[in-house]
Amino acid sequence: MRNLPVKGPLLFLIMVFVPFFLSIFYVNLLTEIFILGVFALSLNILVGQTGMVSLGHAAFFGSGAYAAGLAAIHVSTNTFLSIAAGLLAAFLLAVIIGLFSTKANGFYFLMLTLACSQIVYSIIYQWRTVTGGSNGLTGIAPIDLGANIVLSNQVWVYYFILVVFTIVLVFINRFLHSPLGSVLIGIKENEERMKSIGYNTALYKNISFIIAGTLGGLSGSLYVIFNGFISPAEVYWTASGSVLIMVLIGGAGTLWGPVIGAAFIVILETLISSYMENWMMIIGAVFIIFVIFAPDGMVGILNALKKFFVQPKKLEVDADEPIIKPIKQETKMDG
């Protein structure tokens with residue numbers, strides 16, 4: 001455990017030198033993985049941390065993407081302003097949806113989030129004068145950091161999104177180990193006991209929902225900046241299902257699980273779609289296999305392999321010293 005703080009910076013340095021050794025195709029693939037990794041991490045706050053399975057998380061992804069794209073087209077090409085617009089739109093949508101959806105639990109919460117997501121999809125699809133309708137939103141300018149610094153090169157875009165992804169990862173790591181993160185875990189494990197202790201679980205679930213939705217908007221903003229395009233298909237319920245599969249395959253409730261799941265699905269989709277059209281069938285079969293045989297996801301498999309191959313060190317026992325020491329019997333009088 002002592003070398004754990006070293007792993008993060010080391011992995012970051014490896015990612016920094018990736019463009020020097022890989023082609024632009026793989027650089028763009030990694031960029032997409034980082035963006036969807038942020039999307040999966042945001043949903044993991046609900047699913048893995050608070051125990052609220054949502055099937056409407058694409059609404060926040062889409063609202064952030066469209067708000068950032070519209071801000072870039074009609075207001076300013078400054079990337080930070082576009083991202084701020086995406087965050088604000090996703091935050092407001094999360095507040096509105098969270099006010100009534102978090103009052104439900106289990107299956108009813110899932111269906112409420114799905115219904116809200118489809119309402120957002122319908123608005124985006126039919127509001128052609130603003131969103132472009134089925135044609136999508138085009139004409140988003142490349143990354144503009146201000147002071148005449150425009151990142152039109154895909155490698156520089158990769159570095160920008162890598163930095164944002166790293167900041168989000170550090171934030172979520174601190175969040176998971178914060179008192180608020182512990183309260184959310186308590187709600188997931190036993191909400192009734194948390195209520196009996198005195199916690200306002202409805203308030204904390206709303207906070208979790210808002211944080212998850214806002215981060216989902218951030219991933220949507222990065223997506224539209226990276227691609228320069230967004231369509232209503234990214235807001236449809238299938239997009240929510242895809243990110244949920246990423247979280248469950250990677251390992252819900254862990255830090256790196258959603259990122260690993262996002263990388264696995266993106267790479268699998270890229271490889272399979274180049275050979276066959278029915279690639280969703282393969283991903284569905286893979287998901288079924290993981291649910292049945294590896295419910296803890298890829299992180300659970302890695303932890304099991306680590307326990308299997310890394311044997312614990314045997315404790316050295318002195319031959320003259322008894323293995324079992326007698327324990328002094330205590331009574332209530334002894335305290």
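## Aromatic pairs and salt bridges

Phe34, Trp156, Tyr158, Tyr159 and Phe165 together make up one aromatic cluster, where rings of Phe, Tyr and Trp (its six-membered ring) pair if their centres lie within 6.5 Å, and planes under 30 degrees apart count as stacked, over 60 as edge-to-face and the rest as tilted. The model is predicted, so local features need pLDDT of at least 70 and side-chain atom pairs count only at pLDDT 80 or more, while totals for chains, interfaces and linings use all residues. Residues are numbered from 1 along each chain as its sequence is written, and side-chain values use heavy atoms, with hydrogens and water left out.

The structure holds 19 aromatic pairs. Among them, the rings of Phe17 and Phe20 are tilted because their planes stand at 45 degrees, with the centres 6.0 Å apart. Phe34 and Phe165, by contrast, are stacked, at 5.0 Å centre to centre and 25 degrees between the planes; this pair links helix α2 (residues 24-50), which holds Phe34, to helix α7 (residues 154-176), which holds Phe165, across 131 residues, helices being DSSP runs (H or I, at least four residues) numbered from the N terminus. Both Phe34 and Phe165 are buried (under 20% relative accessible area, with exposed over 50% and partly exposed in between, for a 1.4 Å probe and protein chains only).

There are two salt bridges, each a side-chain nitrogen of Lys or Arg within 4 Å of a carboxyl oxygen of Asp or Glu.

| Salt bridge | N to O distance |
|---|---|
| Glu191 and Lys205 | 3.3 Å |
| Lys195 and Glu192 | 4.0 Å |

Glu191 and Lys205 are both buried, whereas Glu192 counts as exposed at 55% relative accessibility.

Notes:
Helix = DSSP H or I, 4+ residues; strand = E, 2+ residues; numbered from the N terminus.
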